[in-house]
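Here are my notes from a pass through this model.

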Amino acid sequence: MRRRTFLLAGLGAGSALFLGWSLVPPRQRLRGSATPALPAGAIALNGWLAIAPDDTVTIIAPKAEMGQGVHTALAMLIAEELGCDWAKVSVRYSPVDAIYNNVAAIVDGLPFHPDLDDNAGVRALRWLTAKTIREAGVMMTGGSSSVRDCWEIARVAGATARTALVQVAAQRWNVAPAACTVANGVITSAKGTLRFGELVTEAAAVKPADVTLKAPGAFTLIGKDRPRLEGRDKVTGAATFGIDVRVPGLKYAAVAMPPAFGSTPLRYDQAAAMAKPGVRAVVALPGSDCGDPPAVAVVADGWWQARQGVAALNVQWSLSPAGALSTPGLMETLRSQALTDDGLPMRSSGDAMGALAAADRVVDVVYDAPYLAHAPMEPMNATVRVTADAVECWVGTQVPTFAVKALARIAGVSEEQVTLHQQLLGGAFGRRLEVDVIAQCTAIAKAVPGTPVQLLYAREDDTRHAPYRPATVARLRAGINAAGAITGVVAHSAGQAPFRELSRRVRLIWTENGPDRTTSEGTWDQPYEFPALRASHADCAFPVPVGSWRAVGHSHQAFFFESFIDELAAATMQDPLAFRLSLLTRHPRATAVLKAVAERAGWGTPLAAGEDGRPRARGLALHMAFGTTVAQIAEVSLGENERIRVHRVTCAVDCGLAVNPNGIRQQMESGIIFGLSAALGGAITIDQGRVREGNFDTLQPLRIADTPIIDTIIMPSSAPPTGVGEPGLPPIAPAVANALFVLTGTRLRSLPLRVPSGQLVGRAP
């Protein structure tokens, strides 16, 4: 049984995964213990929505809005079932409460193949994990899981509220509920009409027993393009991000961070810093296990004043234990382990090693990818006030649960004494899964009790100290027989374990000792069918902090694997599209995605030279991540000095039922642009234990003028929705690399992509 079949069967018949939902029904997630902050007069009908007498509807969102449009998608799920007027819908953040705990992301993180590991034991473990996570409490936004996680509960919340409102209306009219209809916040029967606002007080006391969800054919909101609910505020500047928080009496903090990994402050000139205008305090920070290193903070009336105070500290740092660390040495170590260490097998089907030994030919190649920084546009920040018996924090975070735990632990109070004010996130990409900034700000605020302190990292502070996407090296081999058929594939990579290291910092202790699928996801969990496949990974321990970067393991493993697939097509003299299709005969949805993108991009037809007269070529890549399959075709040329230019990207995505097609297109575009930034210019380099890059002048994200035309096809589907926040990213680097191979005849196996001088040979695409 395939994964999607399994999911559909689970929704309909209650298979093992969704047995958890039946034993712990979604309705148990309707009413929590924490009270949401609501507009005046609004009455909560459950933990997910409230209605005011003027019929305005407040959606209570537990997911962080960091540009991915999840607040709009979540509101659509609830409003669809509620039957309210969309023009009267707004969104507010939820409190931290167990009813909002994320289940999908953690269950997806289990190291099982999405298609093939579907036995009773795996299903039981998934169910147990879901139940444990829900009960133990992990409220987070990540893993492209928000819509998947809320798909059922949000609709149940809306339908439950609608049922209660109808029940009250029917009682007033003395008619059967079935005699009532609902549309645009109005309930209608033969007796007349009643507005939601007229009924909400009575409805809040009703607990409906019989709640029915709409059939997909009855959807009026889901599946239709909707603009972002928060979009207008962002465009007009009215939106409040963490960096915009202003609390009465607010002071600002800047931090002198260690110049190299592992350095600690030995001496500093506190008097010189205190002599600077506006400086109020100098705070020595011991560092914590949240990832914040030992440092020295300056608190001042303004952030610039705090920065001047930091400059005056003249901190003398200890020698770095990582002083000999450099990028060439790190990559050589990884390469050695990729070539020699078999590591932990993530998947083994058939006798792949035997297939290599018996093959007539073996394709044996090595790929690598560098460390990468997240670099969210809004610099990392937090605002914290610590008093004797309470802590308040204003921050944009992907992990409110862990933020509260860190605040309580460092401030020395109970978690019940912590109040978290969630803010909009100006980008995250996994960076705000970390709580290092919150921990550091809490330590600073604790030193100036009663005073709210906003800690703001300069771009360079974050680039040179934040957890990175791990550098990784992979060796890929495939056996080919005399008939030109692939007989077996062996993929082995080496790098640090990002999710395991993140887990230690946020104390997600039950993930510490198990296999970390994020190290090598993107190879062993793909839909291609080979006679034999072995995928393994060697964990490496370096003093470089790593964490979850957008698409995590898929972000670089897709480059390795999809480039390798292209290599195999070339080695067997096959068209890259036809070769892929031959490996997907048991995967009709992936096949449909490939065919759709190929047709739209004109695959197989001549590609004219550009206006500059330079030849262009197409490259293809397919990847499945977070339950979503994406195929992309990139049109590429080389300019002067072998500068890579991506002109057009055609993208096809199968993410199940498209809740908000507008948002899905935006996420594909975002993933492609973010992925191109990494593929063409992104790299963190280390020299003597120090990160060289600092600000956007050296990080080199894609500029507007270099952004390609992006054409996205959303495949029609009635399957439950899957993730879209990350799956658009992984295919773009291999699609560009595969196009460059067509253009130059040279296979590029390192990121970022660099074409050696003189490689343009103008081969026919």
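The points below cover a strand and its neighbours, then the aromatic contacts.

1. Ground rules. This is a predicted model, where local features need pLDDT of at least 70, side-chain atom pairs count only at pLDDT 80 or more, and totals for chains, interfaces and linings use all residues. Residues are numbered from 1 along each chain as its sequence is written, and side-chain values use heavy atoms, with hydrogens and water left out.

2. Strand 3. Helices and strands here are DSSP runs numbered from the N terminus (helices H or I, at least four residues; strands E, at least two). Strand 3 covers residues 57-61, and five of its five residues are buried, so the rest of the structure largely encloses it. Buried is under 20% relative accessible area, exposed is over 50% and partly exposed lies in between (1.4 Å probe, protein chains only). Val-57, Ile-59 and Ala-61 point one way, Thr-58 and Ile-60 the other, and all are buried.

3. Its partners. Strands pair if DSSP finds at least two bridges between them. Strand 2 (residues 49-51) runs antiparallel to strand 3 over three bridges, with Ile-51 opposite Val-57. On to strand 4 (residues 89-93): it is parallel to strand 3, joined by five bridges, and Ser-90 is the bridge partner of Thr-58. The chain gets from strand 3 to strand 4 through helix 3 (residues 70-82), in a right-handed β-α-β crossover (with the strands pointing away from the viewer, the path from the first strand over the helix to the second runs clockwise).

4. Aromatic pairs. Rings of Phe, Tyr and Trp (its six-membered ring) pair if their centres lie within 6.5 Å; planes under 30 degrees apart are stacked, over 60 edge-to-face, and the rest tilted. The count comes to 11 pairs. Tyr-367 and Phe-560 have ring centres 6.1 Å apart and planes at 40°, so the pair is tilted. Tyr-367 is in strand 14 (residues 361-369) and Phe-560 in helix 17 (residues 553-571), so the pair ties together parts 193 residues apart in sequence. Tyr-367 is buried at 0% relative accessibility, and Phe-560 is buried with a relative accessible area of 0%.

5. Charges over rings. The test is NZ of Lys or CZ of Arg within 6 Å of the ring centre and within 35 degrees of the ring normal. Arg-469 has its charged end over the ring of Trp-549, 5.2 Å from the centre. Arg-550 lies over the face of Phe-674, at 5.4 Å from the ring centre.
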